[in-house]
Amino acid sequence: EIDQKQNQNLSISNTSGDNNALQLSQDGEWNGAITEITGDENSATIEQNGAGFFGINNEVINTLQGDANTIEVVQQDGGHWFYNFDLQGNSNTISSSQAGLLNEATLNAISGDENTIEVTQNGLFNALTVSELSGNENELVIDQEGNFNGTTVESIRGDENTLEVEQAGDSNTVTIATIEGNGNTLEVDQEGNNNAFSSELFSGNNNELSVTQIQDNNQVSGDVVGDDNELTVMQNGTSNETYLGVIGANNEFLSNQIGNENSAHIANFNGENNDVNLVQAGDMNTALIQSSYPDTSLTSNQNDISFNQSGNENEAVITFSSVVDSNNNSVDFVQDGSLNAIDLMMEGSNHSIDISQQGDMNMVAGIGGGAFVVAGDSVNLAVSQVGNGNLVEGYITGSNSSVVITQVGDYNTATVTQE
């Protein structure tokens with residue numbers, strides 16, 4: 001047991017063996033604690049107290065090799081730095097709590113299975129970096145409360161890992177470079193202003209991604225490669241934006257946006273049996289699905305796509321491959337409001353397209369104006385418009401296709417050419 005008071009204290013502890021216990025307390029400014037543990041079932045409790053902002057520089061550095069070890073770090077008030085280097089082992093537990101104005105935590109080179117890491121930061125400038133985690137069934141729980149919260153994950157490799165991030169405050173950001181493996185779960189909850197989540201590459205099968213953002217200027221961006229993945233984005237606020245780029249089969253997507261000026265974009269979802277659901281409530285919403293963007297030669301078959309927009313001046317656009325046919329897709333549009341527009345460009349056979357618009361001045365037409373184009377055989381198109389001044393204009397080429405258009409109201413126009 002070590003107890004240090006005043007300023008500029010340094011504690012260096014090296015523990016080798018099993019079932020050892022270390023307790024360290026430092027009270028003051030410019031204190032440092034370096035702990036190295038090699039062995040199993042050891043415990044270390046480190047507490048640093050101090051006051052001030054620029055006048056405090058307490059640091060904790062841990063290195064851990066072994067199994068079933070426990071490390072607890074508590075840093076109070078001021079500017080603190082916590083580093084955990086080279087964790088090698090299984091079933092270890094690391095917890096860090098930082099309260100102050102300038103908190104930073106870095107987790108570097110974590111290797112092993114069934115490790116649990118919890119980091120809590122409460123203050124103005126909270127920052128967490130996970131440089132590399134490799135292994136299976138590890139759990140990371142991040143809780144940041146305050147302003148300018150940021151979480152950066154550079155690499156997670158393995159199966160059945162869980163990452164939970166909760167941020168409450170302004171300017172929350174979560175940035176993930178790479179997640180590779182199967183059965184991983186990623187949950188992000190951001191409450192505040194200017195929330196942003198981005199994932200450059202999420203690859204593997206049976207993974208789950210869930211992002212919830214509440215309040216203003218929410219942004220989600222991610223690229224997913226693999227099969228049987230579940231992606232859920234819930235945004236409640238103003239100016240919500242969601243982008244997902246997906247390649248694989250049997251994936252499920254749900255984007256739910258509540259507020260004004262929402263934008264949802266799913267690109268390159270090439271594969272089979274994907275289920276896509278886009279829900280938007282508000283005005284001036286935009287939903288865009290491009291199955292073969294930017295490579296228009298890629299195909300998507302047997303997918304189930306649903307748009308549901310409630311409000312005024314909404315737009316929904318869907319495009320499939322323009323080089324090679326995509327077949328057996330089901331598309332369902334529902335728009336409730338005025339001045340809504342649906343644009344179509346689909347090639348392939350055996351598509352089922354259902355469109356329902358309720359309100360005035362709604363349109364079903366083509367990309368960038370003009371007529372929509374559906375090319376292929378055995379296509380079923382049904383359009384229902386209830387309101388005044390609605391328009392349907394398009395081309396269907398192929399054989400054995402069925403077109404049913406129902407318009408209820410005044411000054412409606414429907415022109416569909418079958419060739």
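## Overall form

The structure is a predicted model. The protein chain has 419 residues, and its secondary structure consists of 37 strands and 0 helices.

## Burial and contacts

Of the residues in the protein chain, 47% count as buried. The accessible surface of the chain is about 16800 Å², and carbon and sulfur atoms contribute 43% of that area.

Among contacts in the protein chain with a separation of 6 or more, 34% are between residues 24 or more positions apart.

## A nonpolar surface patch

Four residues, Leu-101, Leu-124, Phe-125 and Phe-148, make up a nonpolar patch on the surface. Together they have about 330 Å² of accessible area.

Leu-124 counts as partly exposed because its relative accessibility is 33%, a value between the limits of 20% for buried and 50% for exposed.

## A negatively charged surface patch

A patch of negative charge on the surface brings together Glu-187, Glu-208, Asp-227, Asp-228, Glu-230 and Glu-252.

One of these residues, Asp-228, is located in the loop that lies between β20 (219-225) and β21 (230-238). The relative accessibility of Asp-228 is 36%, so this residue counts as partly exposed.

Definitions and conventions:
Residues are numbered from 1 along each chain as its sequence is written. This is a predicted model: local features need pLDDT of at least 70, side-chain atom pairs count only at pLDDT 80 or more; totals for chains, interfaces and linings use all residues. Side-chain values use heavy atoms; hydrogens and water are left out. Helices (H or I, at least four residues) and strands (E, at least two) are DSSP runs, numbered from the N terminus. Buried means under 20% relative accessible area, exposed over 50%, partly exposed in between (1.4 Å probe, protein chains only). Contact means heavy atoms within 4.5 Å. Accessible areas come from the Shrake-Rupley method with a 1.4 Å probe; for residues, only the protein chains shown count as cover. Patches are made of residues with over 30% relative accessible area and no salt bridge: like charges are joined within 9 Å, nonpolar side chains (Val, Leu, Ile, Met, Phe, Trp, Tyr) within 5 Å. A salt bridge is a side-chain nitrogen of Lys or Arg within 4 Å of a carboxyl oxygen of Asp or Glu. Lys and Arg count as positive and Asp and Glu as negative; His and the chain ends are not counted. The place of a charge is taken as NZ of Lys, CZ of Arg, CG of Asp or CD of Glu.
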